[in-house]
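Visitor: I would like to go through this model and ask what stands behind each term. Please show it first.

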Amino acid sequence: MLRKTLAPLLTITFFLPLFAQQAAPNHFDGQTWWDHVKVLADDNMEGRETGSEGLRKAEAYVVEQLKKSSVQPAGKDGYYQPVKLVSREIVEADSSAELIRGGKPEPLKLGDEVIFSTRIDLASEVEAPLVLVGYGLTIPEKNYDDLAGLDLKGKVAVVLNGSPQEIPGPLASHYQTAAERWKAFRKAGIIGTIGIPNPASMDVPWSRIALNRNHPSMDLADPVFNETAGAKLSMLFNPARADLLFAGTGHSFEEFAALGKDRKPLPRFPLNVSIKTKVKLEKKEINSANIVAKLPGSDPVLKNEYVVLSAHVDHIGIGEPINGDRIYNGAMDNASGSAVLLDVADSLKKSPEKLKRSLLFVFVTAEEKGLLGSKYFAQYPTIDPKSMVADINIDMFLPIIPLKTLTIWGIDESDLGDLARGVAQSRGVAVQSDPEPQRNIFIRSDQYNFIRHGIPALAMGVSPDPNSADQKKLFKDWLTNRYHAPSDDLAQPVDLGAAAQYEEIIRSLMVTVANDPHRPEWKSDSFFRRYASASP
Ligand SMILES: [Zn+2]
């Protein structure tokens with residue numbers, strides 16, 4: 001899963017359906033899944049960084065398995081769809097940041113106090129006054145605008161991530177994407193952004209973010225994908241030091257963060273400081289690839305339509321050591337999802353049951369760099385773009401406890417959600433909508449790029465029992481300690497039964513969607529429906 005760089009808070013709203021007797025998995029045993037995970041997350045894959053030899057080896061393994069299962073190639077070059085990227089790495093020795101207060105410079109410590117985000121093409125020099133813009137959201141549908149009434153021309157906006165209570169989850173998530181946020185910022189004349197994570201809800205602690213701050217960022221090489229053109233500065237400010245920004249305003253960061261935690265309205269006003277930055281970037285060309293495979297359907301008409309099952313195969317590579325370990329193996333994120341694709345493709349290829357629609361298995365690259373492989377695939381699919389009827393995405397589904405509760409992200413947005421609910425419940429698994437909408441998970445993985453092209457999509461993950469404090473703590477601890485850390489590796493405890501049960505649900509959902517005479521559709525009141533009509 002893609003790390004969000006600005007953090008939120010928790011509001012829990014769940015509903016629990018009936019528990020039925022849990023059906024035993026009958027196509028999977030969890031062991032073949034774990035065998036694939038063991039290969040993909042082995043130390044010799046070096047954490048599968050986009051563009052690395054490790055990811056090339058992992059992709060070669062995926063292709064070899066697809067061939068073994070006789071699943072057909074559907075890329076551009078056999079199973080592969082080449083993807084060109086550029087990487088940006090900050091040269092910290094030649095970069096600096098300072099606050100200017102009353103004409104006097106106050107140097108900021110890179111790492112301890114601020115971090116440059118190389119997700120955008122940072123300008124070599126910036127000096128601009130700071131304006132606090134609350135959540136920094138502009139949401140026309142709700143007549144909500146954090147930028148209204150402020151003079152923002154040539155300014156850098158300071159933002160606390162999150163959203164006010166009145167904005168529904170998917171809408172809030174959508175408008176917090178870099179692309180949507182930048183559209184409104186640019187229109188207001190803003191030249192850059194400083195984000196302050198909310199300490200109440202950071203997935204990854206500041207110390208770990210700071211540790212790997214100089215890891216290169218990537219972008220797709222094709223300029224058609226540049227969604228932040230004109231942005232000169234993007235930074236993160238350590239919440240523990242954020243009072244530096246509030247000095248002399250009569251407000252404190254603590255007060256600001258407490259309001260954000262409760263999704264209350266946030267203050268917006270010019271701060272008494274400017275930011276001055278100097279940046280040196282090193283840029284390189286990177287070559288990577290998505291992998292695409294298909295199982296043709298049998299219906300003379302419906303076989304021209306595809307149900308997509310997607311998962312990212314890349315992870316974040318080799319980084320700063322934690323407890324002496326430098327390899328960020330990404331066993332759950334997302335060798336686990338890639339392994340499900342391999343198992344489900346193999347199982348359905350061998351199965352005598354005929355599928356009406358065709359199935360497409362897409363293993364994407366550069367998810368961790370900003371959902372780039374899926375962005376490329378959704379823009380330039382290797383099949384007719386109109387033929388993709390649905391995307392089911394798997395990313396870090398966390399089979400670390402028995403599968404009794406499944407979270408379905410996007411469940412209320414399309415009738416695909418109803419099919420998924422039915423499949424899970426028929427196997428005795430309770431279903432819930434996103435219990436933590438503020439974590440923005442619906443837009444934090446590859447399904448989002450399919451959604452943006454009008455294709456109904458969802459993602460699913462094993463979740464703690466909402467009534468079990470112990471299970472909730474287990475998941476919270478997993479995120480704090482293992483998520484994007486070297487300990488997301490093969491030594492961690494996993495529940496093979498939960499993985500098998502999950503695969504069974506994915507398999508069954510693929511079969512259901514492939515054979516449903518009706519093509520999945522967005523709900524009439526879904527915000528995301530707009531993309532279906534706008535899509536060329
Ligand atoms: Zn991730």
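Visitor: What makes β15 and strand β19 a pair?
Guide: This is a predicted model, and the term rests on bridges. Two strands pair if DSSP finds at least two bridges between them. β15 and β19 (residues 388–394) have 6, in the parallel sense. So they meet the cut-off of at least two bridges. One of the contacts is Leu309, whose bridge partner in β19 is Ile392.

Visitor: What makes β15 and strand β18 a pair?
Guide: The rule is again at least two bridges. β15 and β18 (residues 358–364) have 7 bridges and run in the parallel sense. They therefore count as paired. Val308 stands opposite Leu360 in β18.

Visitor: Why is strand β15 called mostly covered?
Guide: Buried means under 20% relative accessible area. In β15 (residues 306–312), 7 of the 7 residues are buried. Tyr306, Val308, Ser310 and His312 point one way. Val307, Leu309 and Ala311 point the other way. All of these are buried.

Visitor: What makes side chains split into two sets like that?
Guide: In a regular strand the side chains alternate between the two faces of the sheet.

Visitor: Why is strand β12 called largely enclosed?
Guide: Of its 5 residues (233–237), 5 are buried, so the rest of the structure largely encloses β12. Both faces are covered. Leu233, Met235 and Phe237 lie on one side, Ser234 and Leu236 on the other.

Visitor: Which strands pair with β12, and in what sense?
Guide: Strand β5 (residues 114–116) runs antiparallel to β12, with 3 bridges. Phe116 has Met235 of β12 as its bridge partner. Strand β10 (residues 192–196) pairs with β12 in the parallel sense over 4 bridges. There, Thr193 has Ser234 of β12 as its bridge partner.

Visitor: How do you know that the protein chain agrees with a compact globule?
Guide: For 536 residues, the globule rule gives a radius of gyration near 24 Å. The protein chain has 23 Å, which agrees. Its C-alpha atoms fill a box of roughly 75 × 45 × 45 Å along the principal axes.

Visitor: What share of the protein chain is buried?
Guide: Buried residues make up 60% of the 536. The protein chain exposes about 20,600 Å², and carbon and sulfur atoms supply 51% of it.

Visitor: What share of the contacts joins residues at least 24 apart?
Guide: Among contacts between residues at least 6 apart in sequence, 85% do. The secondary structure comes to 14 helices and 22 strands.

Terms used
Residues are numbered from 1 along each chain as its sequence is written. This is a predicted model: local features need pLDDT of at least 70, side-chain atom pairs count only at pLDDT 80 or more; totals for chains, interfaces and linings use all residues. Side-chain values use heavy atoms; hydrogens and water are left out. Buried means under 20% relative accessible area, exposed over 50%, partly exposed in between (1.4 Å probe, protein chains only). The radius of gyration is taken over C-alpha atoms; the globule rule is 2.2 Å times the number of residues to the power 0.38. Contact means heavy atoms within 4.5 Å. Accessible areas come from the Shrake-Rupley method with a 1.4 Å probe; for residues, only the protein chains shown count as cover.
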